[in-house]
Amino acid sequence: MNLRARLLMFIAASSAMATVAVPSQAADEKPILIGEINSYAALPQFTTPYRMGWELAVEEANASRGPNDRPIEVTSRDDSGKPDETILIANEMLNDQHIEVLTGGFLSNIGLAMSDFALRSKIVFVAAEPLTDKLIWEKGNRYTFRVVPSTYMQVKMVVDQAAKLPARRWATIADNYELGQVGVAQFKEQLKAQRPDVEFVGEQWPALGKLEAGSTVEALAAVKPDAIFNMLFGAELNRFVREGNQRDLFTGRDVVSLQTGYPEYLDAMKAETPKGWIVTGYPWEQIHTPEQDAFVAAYRKKYNDYPRYGSVVGYTTMKATIEAIRKAGSTDPEKLISTLRGMEVTSPFGPIMFRPQDQQSTLGLYVGKLDMKDGRGFMTDWKYASGKDLQPSDDFVKARRPAEASK
Amino acid sequence: MSLLQVRNISKTFGGVQALRGVNFSLDEGQLLALIGPNGAGKSTCFNVLNGQLRPDSGNIILAGRELVGLNARQIWQHGVGRTFQVAAVYGSMTVVENVQLALLSKGRGLLPVRRSTSHYFRSEALNLLEGVGMHIQADRPASILAYGDVKRLEIAMALANKPKLLLMDEPTAGMAPKERHELMQLTCNLVKQRGMSVLFTEHSMDVVFSYADRLIVLSGGTIIAAGDAQSIRNDPAVQEAYFGTGKTFEI
Amino acid sequence: MSLGIGDVLVQLLNGLSYSSFLFLVAAGLSVIFGVTRIINLAHGSFYMLGAYLAVSLTTLFPPTVIGFWGGIVCAALVIGLVGVLVETLVLRRIYEAPELVQLLATFGILLVIQNVTLKIWGTEELFAPRAPGLTGSLRLFGRSFPEYHLVLILMGPVVLGLLWLLSYRTRWGVLIRAATQDRDMVGALGVNDRVLFQVVFFLGTMLAAFAGALRIPVDTINLQMDLSVLTETFVVVVVGGMGSVLGAYLAALLIGLLHAFGIMIFPKITLVLMSLVMAVVLVFRPYGLLGKPEGAARKGILAIELPIKPGSLSFNVFWLGVLVVLLVAPMVVGSYLQTVLIEILILALYAASLHFVLGIGGLPSLGHAAYFGLGAYAVALATSLLGVPTLTSLTIAAFAAVVAAAIFGWFCIRLSGIYLAMLTLAFAQIMWSIALQWVDLTGGDNGILGLYRSPAFASITAYYYLVLSICFIAVLIMRHLVFAPFGYALRAARDSVLRTEALGIDVRLHRWIALIISGGFGGLAGGLQALQKGGAFPDGLSVSQSIDALVVILIGGVQTLVGPIVGAAAYFGVKTEIMRYLGDSWQLVLGLTIILLVVLFPQGIAGFVKQRAAR
């Protein structure tokens, strides 16, 4: 994309930012206001396509609105990357702008803060991208539903593959913050359960956003692992991969890496794409299901761009939220909760359901291996890991989720 | 009996000997001037006396007490008042508040917190200001005073502690001749009234020769002459030191 | 873990490479500070611009060795000119302004550059190809080592050498060195100091941009680069000694090597390493490794102010009116506006507690968040673990902050100026790392959620009155202290330490007590905030939390006692409205607003009104 196009797109996007207005709005129809908060400034790589995704969902919903449906309006704000700012904004949305449902979230800590706010304020919160297991389990509450696969599910997808590898000596690398810590702990636990013979010989914990790739790669190589589990993403991932490639860190070693197949991150790696890594991702150009084709076509038509994983998350979150409101025929939180529990909705990845046990959706992800051709990375040998198949036993969930949350 | 005895003070800075065994004494009620060409060691000597610098060796005895090793605050406690070359009063306070603060100081511990400053020592402060002729300006901000008045205020602050010894670093620097004489006349009067001693450094020979009871001439870190104005004026070593460096006595 | 000699040697090279990088960014900041005494928060922004422009240029130029290095050098030169432009348009107007005002101006520049970069290059991360001619690796000690890193390793000493040649072998260098020692001297040398400052800014920003441009073959270029490099840069410059280029190199070496070997033994040390090094160095060497004590401040951190005095009748009537309005507000406004008022009151208390040491005491703390965050965590832990009622938990918060302030303050009172600022920052950062790392106690970056107030204060209105009364009493106490001799001693020490010590006043003791009082009220504000939000988060301890208080004070005006209150209302209002209506452009608008405010009203809003009233 050239500079001018980018600039125009930016202007278009920012003017659409504050509120997505409804095309035709009769005077007596008061629109349903949905509040949406996300890390737009801090994580634009993900949240820009994410916003484009939910805007598409709002547009579709308003176009297909039945005679009894109130139009949908979304008020969207940046969370400044801070939980306490987020609570303030959510409070303003609720008490000043009078939103009826809350959505959004990327960072786990902000997701948890929004969830706590939802519980206090008795408003339904459909969480988009926060991954932490606590959101639905230890800190789960009645008002919080989540769309994307949890850390547990994401790890489970790759552990099944990792367990098949011959590797016994594993090393891990993740950012030194909650998601990294929990993800690595989950991976160790789940892999050990399947393969008691593996040992974890080293770990690296760069400060979030501050990876010093050269020395970190070297420190990993020094423990001579057979395989590496990686949770770095975005800018740090690129840095890590290039240094690793140049220092032969990945030669003769298996790597299991979460989220690396997201177009957001994969496309930037270009010729550095490491072949053979086991990753989770979204090989959008290779998937041909009716749902996916329809989504890509609509997305292309609206934006003249291809969807990223963020687009799917944004689209699905907003679509599920709106459908729940329409099905419940109300935004009364109690009605919405009972509607959302067990509700089915069609995502670009096919039908998904919000589990009544823990209010987690069964949206899955694609697991496959990385390959590279003509300086472009892509996923190969991929398959869809449906969220249905990645769940722990109900007793496992019950032991973790507060009883209050399931009333 | 001498109030202050300076014995064999030496100080080097990175190989440069700024003071080499300086000895002198100061009697009660005396106005002693410390003079010398630039780089002679005047400032070093002065800063050693006021505790800003610690000498490499030597003693400073004030009324029988050793001052070497004490910090500025402890030296103040021993009854040494001080004025600065560039007058340092508190611009963010009024004239009388400057003096009140000086009166409040006890040398250790915290200043009071119970009542506002206006309740403490206001009349005493006004008295001190009257002594230096500043009471009319008591409630003006110190930042807008004329420079001569700032100097007087500084003296009033230094007097708050009833000092035995007042150290004045170039008291008349930057002042017009008339102001100079007014200030030095004031200083002489205070010395007489309060029976204190004054040690000052000075560039203006006019001031030095008119007001100092005794003079000490430093050059190259040592005392090359000491005595009253007349003997210093005629001392060949002093003339050598000054005229040798191209300086002339200002008249 | 068994380490071979090869591991150690290669890790040594990695440490050197990281050191070179740190030095290259820091060198420019050091040069700029040395001459202009401006603490340039926008330094990281020039680094980022250099990287972005280098990606564009190297893509535009042919992918050859000459094309690549040509692109790097051109990018550095062009951004150097941008630096000159910024200096000419903004900074030139505020050289005489107080240091903190300059700091705020550069913060505004940072925001503007960030937004402009976003608008030019978009949000997508850029990942440049490897450097032509240096794509491969060498075999060293049985391992592969990227060739490009060898260039990086060499670049540090090379730039250090060039800077040395420049400063000792050229006329401009002599002038820069002279100006570093005494800015007034330059005027005496008959040099146009405007031109000199432009040259220095060109040099400094060019170095930053060069460092950024050099990163493109090893790093992804993104919009977060500016801030993420900024703290590192400041740590290096301060640890080395402000204005000492050689010191910066030594500091970079120290940090680079400690990092390289540290992570092999303690992988989780990454979070806290920088702050630890800085704290240790500053405790033992208060002016950094090679820094010299700052000469008597030319203008102090604040401008000369008029005497404080109890407000005039109309002033008191006005504030009494404000109090009455605040008292009856809950009967008139809804719960949302009550929340807003609570936020403003807490922010005002937090800023006022900083103002007590900064405005009154003249101690530029960059780490006030340490107390705010600690107070928040103390309330959260006391409530969730011990189940104590609201008022008790707030008392615990204030007490915890008092204890922390007593410990940190004891080290801080030995320092002044930028070094003090950086030591306070280091302490706050260490607290922040602990909050992130001690997951079992603090919940890590999730913080502690789910706090509830005692039933008596559960309703928003009841809590509003609690916050209002606490803030009112706290502000009154601080005001009383300011007018008491204790406060006079603080201001005296701020105006002149030498004079004050010579008056027999124990400057350090007064400052220490002031830091403790200020910390206690800061902790109280944090505790109130935690109970308002229902949680405590590591952000409460972060740099940006500290900067918030600074911005509030500077907007309100450092010289006035009501400055923090006015500033809190203004800052909160502006920020909320900007964020609400401007979307992505908020940084640009906020940045430009700050710059304009600073250039037009260097005394702050309340200061401006006071000045007008005094006329």
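**Exercise 1. Which helix of chain B has the lowest mean pLDDT, and which the highest?**

Solution. This is a predicted model, where local features need pLDDT of at least 70, side-chain atom pairs count only at pLDDT 80 or more, and totals for chains, interfaces and linings use all residues. Residues are numbered from 1 along each chain as written, chains are lettered from A in the order written, and side-chain values use heavy atoms, without hydrogens and water.

- Start with the scale: pLDDT is the predictor's confidence in each residue, from 0 to 100.
- Take chain B as a whole: its mean pLDDT is 86, and 96% of its residues reach 70 or more.
- Now the elements (helices are DSSP runs of H or I, at least four residues; strands are runs of E, at least two; numbering starts at the N terminus).
- Helix H9 of chain B (residues 236–244) is lowest at 73, and helix H3 of chain B (residues 95–104) is highest at 93.

**Exercise 2. Describe the interface of chain C and chain A.**

Solution.

- Count contacts (heavy atoms within 4.5 Å): 78 residues of chain C meet 71 residues of chain A.
- Take the buried area (accessible area, 1.4 Å probe, that two parts lose on being put together, summed over both). Chain C and chain A bury about 6400 Å², 50% of it on carbon and sulfur atoms.
- Phe127(C), Tyr336(C) and Asn446(C) supply 11% of the area that chain C buries against chain A, more than any other three residues.
- Look for salt bridges (a side-chain nitrogen of Lys or Arg within 4 Å of a carboxyl oxygen of Asp or Glu). The rule finds three across this interface. In the one between Arg130(C) and Glu272(A), the closest N and O atoms are 2.6 Å apart.
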